[in-house]
Amino acid sequence: MSSGPTEESFRDHLGFITEEGKRKWVYPKAPRGRFHSARLIVSWILLAVLFVTPFLRVNGHPFMLFDITERKFVILGQIFGPHDFFLLALAMITSVVFIFLFTVVFGRLFCGWICPQTIFTEMVFRKIDYWLEGGPREQRSLNESSWTGRKLRVKGVKHAIYFVLSFLIANTLLAWIIGTDKLFLIISDPPTEHLGGLSAIIIFSGGFHWLFAWFREQACILVCPYGRLQGVLLDRNSIVIAYDHARGEPRGKLRRSETRALGDCIDCHQCVDVCPTGIDIRNGTQLECVNCTACIDACDFIMDSIDRPRGLIRFDSIEGMEKKIHSLFTSRSFSYGIVLVVLVSVLAYFMATRSDIDVTILRTPGMYYQEQPDNFVSNLYDVKAINKTFLNLPLSFRLKGIEGTIRVLGDSLILKSQDAAAAKLFVLMKRDQIKMMSTPLVIEVYSRESLMSAIRTSFLGPVQKKAE
Ligand code: SF4
Ligand code: SF4
């Protein structure tokens, strides 16, 4: 381990880089314990959600879809388009504030338990390593050995399985973006008809293979922007994976014949051996720690075996460790909480009042009123409508509470799903009905006998001369 950081210099080093600046491959021991069992359950549930959700339908439409190519999003069966940009922006801001609040309180728990990168690396691909190549020692010796028939076979099978899984993940990602119907077309049609889609599948498959076979923990440490934010979001009250320094130190090997005058840490290195990012949590909170809890399980096992209480490494804040102060409600979390409540309330209001269509009806600029045969007077209006639903909606118009006729110019107005349309319409009223120069008017917009919207506008007409 000469190339690794010493206890004094660990803050100047990344756990997976040697002093020569080369990548030090991390061979963690397979984790076992109650947290790992819980993580396994959470991981399988999340993987099921990831792979099954693109196939879910509500009334024949996707339940979730993030079609960035056509700027169409379906969230919980509700469709959102470019016209809902402010709602999506608001939802994103709300999510960011939620992530900030969650991180301030619970640290990097998301990374170890929910992030797909960690779940795939630790719960899927690394399990295949253990299955085909054995434990860390066997993996290391296989990697360092020269190429033999066995090594070729093992590595070949492993990478074939890796690629099949990467291919599955790439297809699933695409299903989330373009939907399963389009994905099946890409798969079933002649390749020449979907060159773009096929290229995307191949590029994504290769990318995932590289990510999970080689890049692994470096994604969390070097690339992930959320990981980089930890430094500014965590404070002394944030819950992190922490080593109880006061209880553990001075550390030292256990000698059963001696009366122990040292701390509880018997320096067995198990917490380091299981760490998938190759760090020693006894050095304090570090940016490489993804809160996977493997070190807690490893240390709890050791504490059980030497008859000491569990929790030498545990979920706790620095304040909790040092002063036994456990406070989730700090001024920081409270401030984020208030902002989050406001944002969620505003978002909920806009979602609850969101209509299926947006319609504006305005008198055509520059037009006054028109004299029509049979003593009628007309006004010309511009109609603009946006359909936010999955359905094509034929629109019709009625006047509310006043006699008159509406005539749509041209073809009848059919508003296609997720589309916008414009039209012109005349409102005609009998001259003797017009009592003032500008008569308030309500035009109701119907689709298949359902009232979709009611628009207030006005009708200009000739002022009636009073009888002498
Ligand atoms: S597993 Fe526990 S006892 Fe062993 S080195 Fe780590 S902290 Fe010390
Ligand atoms: S220090 Fe512990 S919790 Fe953090 S990444 Fe390593 S094993 Fe996981």
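## Thr 180 and its surroundings

Leaving aside residues up to four places away in sequence, Thr 180 touches Pro 54, Phe 55, Arg 57 and Ala 175, where contact means heavy atoms within 4.5 Å. The side chains of Thr 180 and Arg 57 also make a polar contact (2.6 Å). A polar contact is a pair of N or O atoms within 3.5 Å; within protein, one must be able to donate a hydrogen and the other to accept it, and residues adjacent in sequence count only if both atoms are side-chain atoms. Thr 180 belongs to helix α7 (residues 180-188). With a relative accessible area of 2%, Thr 180 is buried (under 20%; exposed is over 50% and partly exposed in between, with a 1.4 Å probe and protein chains only).

The model is predicted: local features need pLDDT of at least 70, side-chain atom pairs count only at pLDDT 80 or more, and totals for chains, interfaces and linings use all residues. Residues are numbered from 1 along each chain as its sequence is written, chains are lettered from A and ligands numbered from 1 in the order in which they are written, and side-chain values use heavy atoms, with hydrogens and water left out.

## Ligand shells

A residue is near a ligand if one of its heavy atoms lies within 4 Å of it. The residues surrounding ligand 1 include Cys 265, Cys 268, His 269, Cys 271 and Cys 299. Around ligand 2 there are 13 residues, the closest being Cys 275, Cys 289, Cys 292, Thr 293 and Cys 295.

Four strands in the order β13-β11-β15-β16 form an open sheet with antiparallel pairing. Its edge strands, β13 (413-415) and β16 (450-460), each pair on one side only. Strands β15 (residues 438-447) and β16 are joined by 10 bridges; two strands pair if DSSP finds at least two bridges between them. Leu 441 has Thr 457 as its bridge partner in β16, and Ser 447 has Ser 450. The β15-β16 hairpin has 2 residues between its strands, and Arg 448 in the turn has a positive phi of about 45°. Helices (H or I, at least four residues) and strands (E, at least two) are DSSP runs, numbered from the N terminus.
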